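Please keep the sequence and the model in view while reading.

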Amino acid sequence: MKRYSVFAIAREALSHHQGWERAWKSPLPKASYDAVIIGAGGHGLATAYYLGKNHGIRNVAILEKGWLGGGNTGRNTTIIRSNYLQDPSAALYEKARSLYETLSQELNYNIMFSPRGLLMLAQTHHEVRGYLRTVHANNLQGVSTKWITPERVKQLVPIINIDGPRYPILGALYQARGGTARHDAVAWGYARACSDMGMDIIQQCEVTGVRSENGQVTGVETSKGYIGTKKLGIVVAGHSGQVADMAGFRLPVESMALQALVSEPIKPCMDVVVMANTVHGYMSQSDKGEMVIGGGTDGFNNYTQRGSFHHIEETLRALVETFPMISRLKMLRQWGGIVDMTGDRSPIISKTPLGNCFINCGWGTGGFKAIPGSGWAMADLMARGEPGPLAAEFDMWRFREGRFIDESVAAGVAH
Amino acid sequence: MTGQPAGHFTFDGKSVPLRPGQSLAAALTEAGLRSFRQTAKGATRGIFCGMGVCQDCLVTVNGAPNRRACMTPAVAGQDIRTQVPFPDLATAPNPQPAAPARVIAPDLLIVGGGAGGLSAAIAARRAGASVTILDERKVGGGQYFKQSAVSGPLDAQQSAGADLLAQALAAGAELIGEVEIWGAFDGLLFLAEHKGAALIARPRAAIIATGAYERPEIRPGWTLPGVMTTGAAQTLWRSYRTLPGKRVALVGSGPLNLQVGLELAQGGAEVVMIAERGPAPWLRPIAAAALALSGPALAWTGLRSLADLRKRGVPVRHGAALDRIDAAEGALRVTLMGDLSPVIADAVLMNAGFDPQNEILRLLGAEAIYDPAFGHLRITRDDTCATTVPGLYAVGDCAGLGGAPAAMAEGRIAGRAAAAALGFGDGYDTFADQRQLGRARRFQRHLWALHDVAPRLPDVPDDTLICRCEEIDAGQIRAGLGEKPGHAGTLKRATRVGMGRCQGRYCGPVAARLVAAATGTPVQDRSYFAPRVPIKPVAISAILAAEEALKDAP
Ligand SMILES: Cc1cc2nc3c(=O)[nH]c(=O)nc-3n(C[C@H](O)[C@H](O)[C@H](O)COP(=O)(O)OP(=O)(O)OC[C@H]3O[C@@H](n4cnc5c(N)ncnc54)[C@H](O)[C@@H]3O)c2cc1C
Ligand SMILES: Cc1cc2nc3c(=O)[nH]c(=O)nc-3n(C[C@H](O)[C@H](O)[C@H](O)COP(=O)(O)OP(=O)(O)OC[C@H]3O[C@@H](n4cnc5c(N)ncnc54)[C@H](O)[C@@H]3O)c2cc1C
Ligand code: FES
């Protein structure tokens, strides 16, 4: 009988592509780089990609303590939209959304962007006013959204119940070019492109310390030894506080657990993404036929405690009035991730107190949609040492100075 | 096979007879129907595990999709249909408003009413603790004592089980059947579905006795309708008096294949072959002698069944492993490795060892250690079967394979210890039980030494499915391994292996082994998919009902 061996696995991996061909190298780290990015999530990989593509900086390493895309990039529910209220956010998220439109061609990797349309339901009069304001703001910002009536909502989403007793549908904020993409594919696509430019993606390489001289970063200590660098980008989402600590500064972020679930596959019944912020829930149907349902955040992270699980129950309870068919579904899987939230629910793309050390974090519940724009802005910041127009307002000192970019309405629900 | 039809139901419009007590799977099998559902990729599937684990036997019952035929009683007049992969739920009628949620708070909750659970219940109840046993099946007894659901004479094993059940009930334990536990949480809170209504258990202590499920032979053709686990066929026969087919072949390794082969032959099936991976006992005289010494009576029973099989002309081929199964003219063609003369059978039964049903234990955070000999996790326990989680005990096969006699001894020990810890009765002298337990474990060790259930890496062609539910084949898995996933969870995300309805129970251990082999690391407790709520797919209406009831509860 033929023995199975690691060699056989490697050989077969090379001979059976099926679209999963190994797309990036896993090299050993060099002694030093022009730039080092910590964190191979979507944001870190996109940062590296635009550093190379837009700024010609290719002597770059991306250090990842686990496996690339293994953080929240691989756990989120992939909603993409840009209907934010404040100008700086709308600009950043719209940049990201428009880059998503052509990302598959650009990376030559199918990220399955599906601009199927996205509705944010207004279920209170307060929300109606808020969304009408967003529509006006978006129109001025050049983001294409519109206000639609309950009847139009019903046309777009036949399974919806528009006259529930507690939460009737009063209308919706509609972004026709919002939608979803395949999360892992976004990470893999950027990773392959980075690798093709000669960058080193070093997995299972945990950063344990940051070294500096005269207030300037000089390198990082890692589980694979010391790596020198001229510039450092910290893009580690939920671990930002920890790594900032290593670099000697503090961040105004808190960590929270966020959860999502999918149902068993069913016949296609909803071809748009629907968010219901009043009840903290949202739903879409995946290409596998599963209903993907997400809810609000909760304050702590312990999966065996129901304290965490009851958020899912509450999400379901609230959504069931609007989508009665939910009660006929079976829940198949449920998972969570730790997200990093700022006080104004907007991200941080910023210089830090340490010279040539930059940070990108605070994407909270909604960073997947921002990946290309965030990488673009962060690369610009790292390359020039100063923020460009996209990142200018998102510095970390705004909290001290009271220049909040308040998106607690637009980001009121996890997405 | 025995008894008269008590009525008929329809399957895709065709009339199918049923006998009282039969499951849908049994009645359909008896009528020669093997394909119950269509997969997303257009394949057909039928009964596989026979015990509610694989989720492959799904049918639509009176318009309600995705019901497990093996766990659903057949009722006259039912409209049963082939399950389609994407049922239309948008326009389906709303479910009946479920009965109100029931909240129970016994001193001791026992999950699983098999050999271990029933023994624990008797011991704890006699010590004075209030005891509720929850079981997924309608009838208690578990896998070893497999109770009959249809009328007819009981065999010795069944009557011993009936005695144990009667003792548990006489002692005052409550047994609730048809309970599907889907979540377990800290502070010992169990959430379950009971006939469409929510059941909530808040016990002071819990004993988990959920037993094991069977490890299949992952070979080409293992997902074909008509291929099922040996235990599934045993349940068909012992609980429902339904033969899995006229001609059956058994493959894999272990004593269950021999036992079930004989039971089916005695029941009138033509057993065309039993292929056992392990060498013949007479080629391993020392191991065989060790077995005989450690348990003369059981070893004698085993030897007698071998002789009986031989007398009936059943070919038992030692040192023989399955190569592939192909569909052939309404039957199945079974080819062994290095063999040019395949056999034809209606049903192929496979058992290549067992994997513990330890989901609840792992979900609650009980520590486990990988046992390389059996290739599965063993829950860390002290002498009283207490796990590392306060108030949580594990007995029987769910803690690691041990067999029915060990499960019973462990049940008695844990039942008394759990009751004593709650202030009922004294701790007692466990010497006799510990000695029995030691003997039973020794016997098991020698028994399995004669078989070959070492965990395997699937050495199969690329187009052989590894993940039954999501239909992920070996080629996709190998390509996913090429991405160097460091954990089975990463492989899961890359390939969707383990994302289906069975929650990775069959492909999960394989994925863990493959990733370990590919990364050159040993398999550990952390190598497996992380346990998650829900441990079985659960109706969202049941989640909501549980939430409502918990909100009202103090
Ligand atoms: C359940 C859920 C649903 C969500 N839904 C949506 C949605 O629908 N739409 C949306 O836009 N957003 C959504 N989000 C948010 C989104 O997932 C995140 O904002 C986004 O993925 C963050 O990407 P990232 O690259 O910053 O982080 P990550 O993908 O988490 O990457 C950070 C990486 O840094 C690595 N790292 C950390 N510390 C170190 C160290 N010391 N050394 C080396 N590496 C390190 C980590 O291992 C990780 O891989 C959701 C999040 C969750 C949890
Ligand atoms: C299919 C099969 C057939 C077997 N046949 C034989 C045989 O013929 N001879 C032999 O010597 N040994 C046999 N064994 C092994 C033997 O059954 C076990 O060693 C013995 O039954 C172990 O007892 P137990 O109490 O640990 O588990 P079991 O007897 O298996 O009892 C477990 C009980 O828990 C219930 N359960 C499981 N999960 C849940 C849940 N989530 N919620 C509620 N209830 C749950 C099950 O319905 C079952 O009744 C078999 C094992 C299997 C899996
Ligand atoms: S055969 Fe019914 S669930 Fe496996």
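In this predicted model, the crossing of helices H2(B) and H3(B) is left-handed.

- Two packed helices are described by the angle between their axes and the distance between the axes.
- The axes of H2(B), residues 115-127, and H3(B), residues 156-170, come within 9 Å and cross at roughly 35 degrees.
- On the H2(B) side, Leu118(B), Ala121(B) and Ile122(B) meet Leu164(B), Leu165(B), Gln167(B) and Ala168(B) of H3(B).
- By class, this contact comprises 6 nonpolar residues, 1 polar residue and no charged residues.

**Helix H7 of chain A**
- H7(A) covers residues 183-196, and at 1.5 Å a residue its 14 residues should span 20 Å, which agrees with the 20 Å between its end C-alpha atoms.
- The helix is mostly covered, since 11 of its 14 residues are buried; among them are Trp188(A), Tyr190(A) and Arg192(A).
- The buried residues of H7(A) pack against several elements of chain A, including helix H2 (42-55) and helix H10 (371-384), and also against helix H12 (488-495) of chain B.
- After H7(A) comes Gly198(A), with a positive phi near 95 degrees.

**The shell around ligand 1**
- Of the 43 residues around ligand 1, those that come nearest are Gly39(A), Gly41(A), Gly71(A), Gly337(A) and Gly367(A).
- In chain A, H2, strand E12 (253-265) and strand E16 (330-342) each supply at least two residues of this shell.
- The shell residues divide into 15 nonpolar, 23 polar and 5 charged.

Note on methods: Residues are numbered from 1 along each chain as its sequence is written. Chains are lettered from A and ligands numbered from 1 in the order in which they are written. This is a predicted model: local features need pLDDT of at least 70, side-chain atom pairs count only at pLDDT 80 or more; totals for chains, interfaces and linings use all residues. Axes are lines fitted to C-alpha atoms, for helices over the stretch in contact, and angles run from 0 to 180 degrees between N-to-C directions. Helices (H or I, at least four residues) and strands (E, at least two) are DSSP runs, numbered from the N terminus. A crossing is left-handed if the near helix is turned anticlockwise from the far one by less than a right angle, and right-handed if clockwise. Two residues are in contact if their C-beta atoms, placed from the backbone, lie within 7 Å. Ala, Val, Leu, Ile, Met, Phe, Trp, Tyr, Cys and Pro count as nonpolar, Asp, Glu, Lys and Arg as charged, and the others, Gly among them, as polar. The expected span of a helix is 1.5 Å times one less than its number of residues. A residue is buried if 20 or more other C-beta atoms lie within 10 Å of its own, exposed if 12 or fewer, and partly exposed in between; C-beta atoms are placed from the backbone. A residue is near a molecule or strand if its C-beta atom, placed from the backbone, lies within 6 Å of it.
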